Number of protein chains: 2
Amino acid sequence: MTSDGLYYLDHAAATPVDERVLAEMQPYFGERFFNPSSPYAPAVAVRRDYFDAKARLAHTFGAKADEIIITAGATESINLAFSAVTGHVVISAIEHDAVVAAAKRHSHTLVAPTEKGIITPEAVGAAITPDTELVSVQLANNEIGTIQPVRQIAEKIRTIQAARLKENNKRPLALHCDASQGFGQIDIHTARLGIDLLTLNAGKMYGPKQVGLLWVRPGVHVEPLIVGGGQERGLRSGTENVAGTIGFAKAAELADRHRKSEAERLSKLRDTMEQTLANAFKQAVVSGHPKKRLPGSLHISMPGLDAERLVFALEQRGVMLATGSACAANKNTRSHVLTALGMSDELADGSLRLTFGRLSNEENCRQAAAIIVEEVKKEYERVGRA
Amino acid sequence: MTSDGLYYLDHAAATPVDERVLAEMQPYFGERFFNPSSPYAPAVAVRRDYFDAKARLAHTFGAKADEIIITAGATESINLAFSAVTGHVVISAIEHDAVVAAAKRHSHTLVAPTEKGIITPEAVGAAITPDTELVSVQLANNEIGTIQPVRQIAEKIRTIQAARLKENNKRPLALHCDASQGFGQIDIHTARLGIDLLTLNAGKMYGPKQVGLLWVRPGVHVEPLIVGGGQERGLRSGTENVAGTIGFAKAAELADRHRKSEAERLSKLRDTMEQTLANAFKQAVVSGHPKKRLPGSLHISMPGLDAERLVFALEQRGVMLATGSACAANKNTRSHVLTALGMSDELADGSLRLTFGRLSNEENCRQAAAIIVEEVKKEYERVGRA
């Protein structure tokens with residue numbers, strides 16, 4: 001997908017559509033273009049294909065077709081997860097911008113992470129008030145890769161729910177998990193996680209962009225953001241995204257099927273890169289939890305350097321990586337995630353995010369590592385800290 | 001796109017993606033997959049391509065790139081157009097389900113059409129109260145094809161605005177036009193229409209599905225439905241739909257370039273079909289305005305017949321068309337459009353919608369007409385009204 005001499009280390013920002021995914025989508029742009037609501041047989045067949053794809057997609061994370069709402073991406077899914085809330089919400093302080101923005105529309109409390117970026121069940125429990133209706137904690141952080149103890153947080157919430165019932169407090173209390181990052185690298189299963197709402201994003205798992213889903217546990221209430229023809233059981237109107245959903249299903253199946261081997265492969269590539277950089281620069285600081293971390297994720301800070309300059313220098317040599325997260329990259333503000341971790345400005349400003357994926361292999365990672373070492377050395381020489 | 005022996009006469013429900021459109025989208029699924037917010041050069045190039053596509057797209061209807069918000073389709077655009085309303089809204093009684101549903105979230109008044117489906121400026125003016133903030137009138141009806149006098153309605157609204165200012169009523173009053181139907185068949189130009197908000201849908205003009213736009217005249221206020229990373233000037237967050245927008249721009253350019261010749265071609269095909277059916281069945285009733293009608297649109301009722309039975313009989317012979325609109329087709333309810341026109345139940349229940357487009361040509365329309373005549377005759381014989 002990338003040519004020789006191009007080293008893509010930013011899989012958390014975007015992934016190409018897998019060729020097998022695109023091949024499954026193609027017929028729905030052309031000969032199977034019919035509106036799934038039309039009455040004639042070829043359209044009814046498209047409708048069947050659509051629901052079949054939803055079922056296969058849902059199956060990859062232990063859910064059923066009629067429990068998922070197809071959206072135009074994780075941002076819409078997240079907004080939809082917050083749609084029915086009238087009370088207080090609790091989110092982690094290191095959520096994606098979309099969760100932060102959705103929470104700001106409500107009375108909200110931010111839960112601070114530990115230094116390694118972990119959101120503890122105790123901290124979540126302490127933030128929940130009798131008015132809290134929704135807790136939102138990401139599965140894995142998009143900047144530092146830390147994986148959250150979602151299952152334990154869910155158990156904490158169940159305990160609080162039980163106590164509420166005893167006090168006759170009937171306010172709903174749901175746990176939403178934004179799992180935009182991590183599908184295909186770690187286990188994502190609604191029952192094992194114990195969650196009520198789940199956001200997934202096709203565009204981050206080699207599926208089509210602008211396609212996402214919100215899984216809603218039966219019994220949990222959400223309100224439609226977009227009303228009209230009543231598609232998606234009235235929860236998200238608009239002609240169904242048939243091609244996108246077919247692609248999403250294939251992408252999820254591929255990611256799920258190869259999860260264990262891919263996680264192992266990415267983790268080796270990441271560890272080799274981490275060791276190479278840590279050996280070359282004793283002052284380098286790796287952030288996030290050393291073990292509870294996405295296999296394909298590396299966040300490393302070069303104190304005293306300007307990461308933006310580094311990104312541009314590296315780009316000249318074909319290495320593509322991020323400073324902080326891509327979402328915040330063009331805003332010239334410090335990442336709220338790094339601030340919440342208590343990272344010093346010097347470390348934050350010198351931080352690089354490398355995310356490995358299907359475009360990564362031993363050869364191109366070895367070459368990229370050599371280029372990064374050279375360019376970081378040059379920068380340290382330039383600022384007189386070599 | 002359809003094989004021999006298949007006659008698609010339902011272009012208002014869905015159009016295939018034009019091969020030239022798909023060809024322009026393809027690179028953005030693969031080698032140009034980058035996140036437009038990422039800082040390295042290949043991503044910056046994608047960002048440039050995205051804004052260039054928005055500019056080309058906006059240009060086709062006399063607007064500028066930063067005046068349009070890319071959405072996941074007309075339904076979302078319509079919901080966004082209504083997002084800032086706190087007061088009263090006025091809509092025509094024959095709007096698309098999405099406009100009806102969005103209006104129902106507010107205090108609203110429905111404006112009845114004339115028998116031919118025209119919404120007169122006088123009727124709109126009479127429905128506007130001092131609290132009205134938004135008027136929504138479609139450019140052309142999706143069921144009967146009637147084209148509305150949008151420019152004259154806009155002038156009426158300007159007059160009312162002027163009167164309001166004299167009375168020191170500073171409530172905004174905007175005109176939204178849902179032009180999901182008609183692009184590529186009739187002139188759509190924001191200044192010539194005199195509107196404030198415009199909804200367009202790529203999926204109805206041989207572009208990708210689940211891609212739409214809302215044009216917002218500078219100075220008109222909308223509130224984001226979906227918050228997050230702040231894309232689309234904060235009005236619609238989520239990673240930009242690069243491939244979809246590139247496709248939308250190409251689709252709009254193609255439709256705009258060939259508009260006049262295509263309108264003439266479709267109008268001939270439609271008129272021939274109409275004459276064939278009207279000659280064969282003297283009792284047939286054509287609805288909508290005879291002249292102010294989309295060139296590719298024909299709504300015809302066969303009194304005493306069950307249109308649903310007809311659609312299934314026709315489908316067996318490869319003819320695909322609609323009863324009422326596709327959106328409502330699977331709900332077993334009578335079309336609110338036909339009800340608003342005052343159509344009798346007998347006529348409504350026997351009504352067929354035929355919409356012509358790029359898959360239509362003289363040969364397949366002639367064959368389809370012959371099949372429809374045969375099947376309608378059979379049905380009339382069956383019910384003993386031959």
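Across the interface of chain A and chain B, the rule finds zero salt bridges, a salt bridge being a side-chain nitrogen of Lys or Arg within 4 Å of a carboxyl oxygen of Asp or Glu. The model is predicted: local features need pLDDT of at least 70 and side-chain atom pairs count only at pLDDT 80 or more, while totals for chains, interfaces and linings use all residues. Residues are numbered from 1 along each chain as its sequence is written, chains are lettered from A and ligands numbered from 1 in the order in which they are written, and side-chain values use heavy atoms, with hydrogens and water left out.

Polar contacts, by comparison, can be counted here. Between chain A and chain B there are 19 residue pairs in polar contact, both residues at pLDDT 80 or more. A polar contact is a pair of N or O atoms within 3.5 Å; within protein, one must be able to donate a hydrogen and the other to accept it, and residues adjacent in sequence count only if both atoms are side-chain atoms.

On the side of chain A that touches chain B, α1 (19-29), α2, α3 (74-81), α4 (97-103), α10 (307-316) and α11 (326-329) of chain A each supply at least two residues. The most comes from α4(A), with four residues. Helices (H or I, at least four residues) and strands (E, at least two) are DSSP runs, numbered from the N terminus.

In all, 57 residues of chain A are in contact with 57 residues of chain B, contact meaning heavy atoms within 4.5 Å. The two chains bury about 4,900 Å² between them, 61% of it on carbon and sulfur atoms; this is the accessible area (1.4 Å probe) that two parts lose on being put together, summed over both. In chain A, the residues that lose the most area to chain B are A:F33, A:Y40 and A:Q210, together 15% of what that side buries.

I turn to helix α10 of chain B. Which of its residues are buried? In this helix, residues 307-316, they are B:A307, B:L310, B:V311, B:L314 and B:E315. Seen down the axis of α10(B), these fall within an arc of 135°, so they line one face of the helix; the arc is that of the directions from the helix axis to the C-beta atoms. Buried means under 20% relative accessible area, exposed over 50%, partly exposed in between (1.4 Å probe, protein chains only). The cover over the buried residues of α10(B) includes α2 (41-59) of chain A, together with β11 (319-320), α13 (345-349), β12 (351-355) and α14 (362-382) of chain B. At the start of α10(B), a side-chain oxygen of B:D306 reaches to within 2.9 Å of the backbone nitrogen of B:E308. Just after the helix, B:G318 takes a positive phi of about 90°.

Two further residues deserve mention for their backbone. Most residues other than glycine have a negative phi. A:Y206, not a glycine, has a positive phi of about 65°, and its place is in the loop between β7 (197-201) and β8 (212-216) of chain A. B:Q210, also not a glycine, has a positive phi of about 60° and lies in the loop between β7 (197-201) and β8 (212-216) of chain B.

Finally, B:E133 is found in strand β5 (residues 132-136) of chain B. At 9% relative accessibility, B:E133 counts as buried. Its contacts, not counting residues up to four places away in sequence, include B:H88, B:R171 and B:P172.
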